[in-house]
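I opened the model to look up a few local features. My notes follow in the order I took them.

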Amino acid sequence: MADTLAALRSLMSSYSPPLDALVVPSEDYHQSEYVSSRDKRREFVSGFTGSAGLALITMNEALLWTDGRYFLQAAQQLSDQWKLMRIGEDPAVDVWMADNLPNDAAIGIDPWCVSIDTAQRWECAFAKKQQKLIQTSTNLVDEVWKNRPPPQINPVDVHALEFAGRSATDKLNDLRERLTQEKARGIVITALDEVAWLYNVRGSDVSYCPVVHSFAIVTPTSAFLYVDQRKLSSEVSGYLKENGIEVREYDAVSADVSLLASNQLGPFAFKETQSDVSGGTEDVDSIDLIWADPGSCCYALYSKLDSDKVLLKQSPLALAKALKNPIELDGLRKAHIRDGAAVVQYLVWLDKQMQENYGASGYFVEEETLAKKKQFREGKKLTEVTVSDKLESFRASKEHFKGLSFPTISSVGPNAAIIHYGPQPDTCAELDADCIYLFDSGAQYLDGTTDITRTVHFGRPSAHEKACYTAVLKGHIALGNARFPNGTNGHALDILARIPLWKDGLDYRHGTGHGIGSYLNVHEGPHLISFRPQARNVPIQASMTVTDEPGYYEDGNFGIRLENVLVVNEADTKFNFADKGYLSFEHITWAPYQSKLINLSLLTPEEIDWLNTYHSKCRDILSPYLDDAEMAWLKKATEPVRA
């Protein structure tokens with residue numbers, strides 16, 4: 001790590017102009033949350049493996065910013081050469097740079113890895129001290145990364161209409177209508193899941209996300225896909241051609257954005273055909289904007305455009321993708337049923353293993369562990385990694401399984417307090433019957449993406465652990481049961497999940513819910529349920545999906561989180577104030593909550609009714625997927641409870 005920093009500082013000092021600082025973000029050329037191995041530049045320079053963070057290297061310091069999900073993990077992984085900057089507690093990176101770097105400082109960025117929004121915000125912050133953002137001609141990290149993984153040539157697949165629900169042609173027609181409404185003659189699409197969704201293609205270029213490294217440009221008369229053409233079979237090439245999508249090499253996007261800016265992007269010049277699109281009624285000169293999403297489009301491509309003629313607005317595909325069609329919703333419901341069966345099979349297996357190998361009292365009984373450990377037969381030792389591998393094997397046996405949707409968080413005791421903990425084979429903990437075990441996991445199926453968290457204890461939980469679990473459960477139920485008028489955003493709803501925790505002076509440092517893709521990214525916008533200001537941007541709408549996942553984490557002790565995926569539906573209410581229309585949530589995740597972790601005296605009669613009803617549905621919905629022994633376990637796990 002020290003050699004890497006020294007090598008980077010050497011490049012910074014010899015750069016023209018010499019750089020006072022170098023920004024190394026987590027994102028790739030598409031501003032992705034999860035990136036391929038060769039794009040993990042921030043991880044390479046810092047050693048921090050979390051999915052969110054930003055590194056800043058100056059001649060004397062190395063700092064890493066990350067959010068509350070990763071405070072503990074970053075503190076453990078960063079060497080003493082690095083300083084951890086906690087987002088929300090320490091100054092933001094642009095504020096820190098403006099305050100701590102000298103006047104006229106030159107701050108280097110790779111413009112492909114920084115969004116328009118971010119670059120413009122930084123430029124504003126730097127202006128007061130005449131500091132400058134320098135777009136480096138190459139990525140300096142790549143120059144010092146000697147063993148950088150090579151690019152992979154993974155095949156592109158067509159996402160069948162039986163799962164997608166709408167054809168690429170239909171989606172392109174809708175997009176072109178939006179271009180006309182916004183007086184735009186083209187849009188540059190850079191977010192990988194938006195390209196995949198629009199063209200109904202999938203791939204495996206990024207672990208856990210079925211996307212393809214690609215860009216798209218769409219105009220009223222043409223559609224382009226920029227991708228390494230070695231990834232395309234003749235069948236996929238034929239499919240794209242049938243849908244009017246012209247394929248060009250991945251690297252050609254830069255030149256083509258320049259051509260788009262000067263209205264020379266073939267195969268047709270826009271002005272020659274505009275009368276066909278608008279019936280000749282539109283003033284052609286007034287339709288001269290190029291649409292670019294400031295949050296996902298990189299600064300490198302924006303720099304090719306005339307800034308006076310760019311429509312800086314969230315991509316219309318973000319919301320279109322979030323509003324699931326009936327076939328996508330049907331697929332998501334089915335995928336979550338199969339996934340729930342896998343989770344129950346895992347719990348049955350794990351319960352038995354904990355009793356046999358660790359002398360645990362088990363999932364149902366509250367007693368001290370009989371024996372701390374037994375003598376292990378070969379391969380019987382349970383670790384956070386070996387048990388998560390077993391969970392994956394249960395999922396892999398299910399129809400349409402394509403892989404996991406994110407790295408499984410399998411965490412025991414103190415590790416469960418690390419919100420996005422990632423167990424590693426050499427350093428992970430062994431399971432412990434006297435500690436809480438939290439697993440947050442999900443899968444990619446052709447018909448849907450899943451994400452579920454359950455927290456369990458195979459020994460005797462403390463009264464404090466029960467009280468905390470129950471507070472989390474109460475918040476989980478309160479949000480899931482909410483009814484609210486159209487126009488309500490996730491910022492307004494977030495408080496519902498926190499009130500039971502706040503009552504006892506507890507809280508958690510992450511949002512409460514995120515959208516989820518249809519065989520796409522497990523984290524999907526543009527909506528979210530969170531205390532963060534961006535949760536105000538987009539109201540929650542019918543046919544969206546969103547998670548419900550409050551938690552509580554006690555550093556060095558334990559962590560608790562409960563998570564289901566919800567579908568937003570129109571609600572049937574007695575009244576309809578101001579004719580707004582009301583919405584409610586439908587749970588589509590099916591797996592039991594552990595009754596012995598619940599302090600039933602803290603639940604209201606309505607909460608107990610909800611829990612019993614949910615558990616009854618679990619039994620009915622999952623029974624076709626379980627054998628007799630598994631079903632007997634589930635019946636016991638879902639027995640009605642009473643205060």
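I started with A578, which lies in the loop between β27 (564–571) and β28 (582–587). I am working from a predicted model, where local features need pLDDT of at least 70, side-chain atom pairs count only at pLDDT 80 or more, and totals for chains, interfaces and linings use all residues. Residues are numbered from 1 along each chain as its sequence is written, and side-chain values use heavy atoms, with hydrogens and water left out. Helices (H or I, at least four residues) and strands (E, at least two) are DSSP runs, numbered from the N terminus.

A578 is not a glycine, yet it has a positive phi of about 60°. I checked its accessibility: A578 counts as exposed, at 53%. The scale is relative accessible area: buried is under 20%, exposed over 50%, and partly exposed in between (1.4 Å probe, protein chains only).

H400 also has a positive phi, about 70°, and is not a glycine. I found H400 in the loop between α16 (384–396) and β15 (401–404). H400 is partly exposed, at 25% relative accessibility.

Next I looked at cis peptide bonds. One runs from S16 to P17, with omega near 0°. P17 sits in the loop between α1 (2–14) and β1 (21–25). Another joins G525 and P526, with omega about 10°. P526 is in strand β23 (residues 524–529).

**Cores**

Which residues have the most contacts inside the largest nonpolar core? They are Y346, L350, M354 and F585, in a core of 76 residues. Helix α15 (residues 326–358) gives the largest share of this core, 12 residues. By nonpolar core I mean a set of buried Ala, Val, Leu, Ile, Met, Phe, Trp, Tyr and Cys residues joined through side-chain atoms within 4.5 Å.

I then listed the partners of Y346, leaving out residues up to four places away in sequence. Y346 touches V387, S388, L391, F394, Y437 and F439. Contact here means heavy atoms within 4.5 Å.

In soluble globular proteins, nonpolar side chains tend to be buried together.

**Second largest pocket**

I noted a volume of about 590 Å³ for the second largest pocket. A pocket is an open set of points on a 1 Å grid over the protein atoms alone, where a 1.4 Å probe fits, with protein on both sides within 12 Å along at least five of seven lines; lining residues have an atom within 4 Å of a point. The volume is the space filled by probe spheres set on the points, which are joined across faces, edges and corners.

Of its 27 lining residues, R38, P151, Q152, H213 and K231 are the closest to the centre. The lining divides into 7 nonpolar, 8 polar and 12 charged residues. Charged covers Asp, Glu, Lys and Arg; nonpolar covers Ala, Val, Leu, Ile, Met, Phe, Trp, Tyr, Cys and Pro; the others, Gly among them, are polar.

**A261**

A261 is partly exposed, with a relative accessible area of 26%. Beyond its neighbours within four places in sequence, A261 contacts R185, K304 and L305. A261 and V310 are 49 residues apart in sequence and 9.2 Å apart in space, C-alpha to C-alpha.
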